[in-house]
Amino acid sequence: MPTDRVTIFDTTLRDGEQAPGFSLRTNEKVQLAKELDALGVDLIEAGFPIASIDDAEGVKQVAANVRRPVIAALARCRPEDIDRAGEALKGAERSRIHTFIATSDLHLTKKLNITRDQCLTAAVAAVKQARTYTDNVQFSAEDATRTDMEFLCTIVDAVIKAGATTINLPDTVGYSTPDEIHDFFVSVIGRVHNSDKAVFSAHCHDDLGLAVANTHAALTAGVRQVECTINGIGERAGNASLEEIVMGMKVRSDRLPFTTGIKTEHIFPTSQLLCSLTGQHVQANKAIVGRNAFAHEAGIHQDGMLKDRRTYEIMNPADVGVPATALVLGKHSGRHAVKHRCEAIGHTLTRLELDQVYRRIIALADQQKSITDDDIVAVINEVRLQPAR
Ligand code: MN
């Protein structure tokens, strides 16, 4: 088996940015790329230069301003695409050309209207041309998981011979299941006899909510590069989310014994920056980075958390850069959490006071969605000002 170090290929600025509502200006791409650098990603796919002047400029500016990670640019298996990608990457410290072509019969016949032989010829030519710009060339077989296995192995073998150093086999439409994608990678890596000359990569989409599970399953099959995005943004239902892939490996290293270069405490700040640049927020219950990912309102949970956080948290929020666990006071809260919050804002209550404050806060929480510290102080004052009985 290959080493346990997994390469993190971030495509937030390419697959993520091409989703509706996620466009970024060039200066914003550079700002996010700097944050991805601090986060510790190995590669940043910065754009698709042939797609637009702006995309080409984005790749150039990211390459000029971010020097540690490898900067990748996307290109179809067409001469003009490869040239545009090569030119956009000229100023990079380290660059990769990522060239792709669809390989499934469905895409070949309905979308590209070419034969398997034409597909194979274009792929080999593109990889050879890309190698004239950089020795770091990635080939992707779009819709790989729905491609005929024998043809897929033929094309993978041919592009490795032509000089591809990374082979990405995407689950382009998010159709695979975890055990299926595991077996898929085991088959390809086992059947292609020069497979040891390249790193295999997974690129999973979340149409069935399985992108991260599929990515983890691919790792256990020998894949050593994963393509992912911050907050899981990307085409349709999005890509596998970087933060979920990485924290899965960290929290469950017993089952997923792989390492990355990610500095996990940068995860939340990077997620927040992406939200603020795009104006698109993640749902409250999003794993790792959602507003509620480390928030507890139910009384039983709050009581457990105050006794030992491990009762209801499998990660320390500080490990992903989340400032602190939030014990949200609401109608499901218990006395223990109310007492804790009152003390945290400087009010030690007698038992009698606590009973009354607790009852009033629960009543208030029935009327409003959340309880602020100001609400609590007001309630404490009310209770303390009422005549003694
Ligand atoms: Mn994709």
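Reply: A residue is called buried when its relative accessible area is under 20%, exposed when over 50%, and partly exposed in between (1.4 Å probe, protein chains only). This is a predicted model, in which local features need pLDDT of at least 70 and side-chain atom pairs count only at pLDDT 80 or more, while totals for chains, interfaces and linings use all residues. Residues are numbered from 1 along each chain as its sequence is written, and side-chain values use heavy atoms, with hydrogens and water left out.

The manganese ion is held at 1.9 to 2.3 Å by Asp15 (OD), His203 (NE2) and His205 (NE2), where donors are N, O and S atoms within 2.8 Å of the metal (3.2 Å for Na, K and Ca), and sites may look incomplete since water is not among the atoms. Along the sequence these donor residues follow the spacing D-x187-H-x1-H. Distant parts of the chain are linked by the pair aspartate 15, in helix H1 (residues 12-16), and histidine 203, in strand S7 (residues 199-204), which lie 188 residues apart; both aspartate 15 and histidine 203 are buried. Helices (H or I, at least four residues) and strands (E, at least two) are DSSP runs, numbered from the N terminus.

Turning to the helices, H12 (residues 299-307) has Gly299, Gln302, Gly304 and Met305 buried, and their cover includes strand S9 (295-296), strand S10 (326-327) and helix H13 (335-344), contact meaning heavy atoms within 4.5 Å. On H13, Arg335, Val338, Lys339 and Cys342 meet Leu354, Asp355, Val357, Tyr358 and Ile361 of H14.
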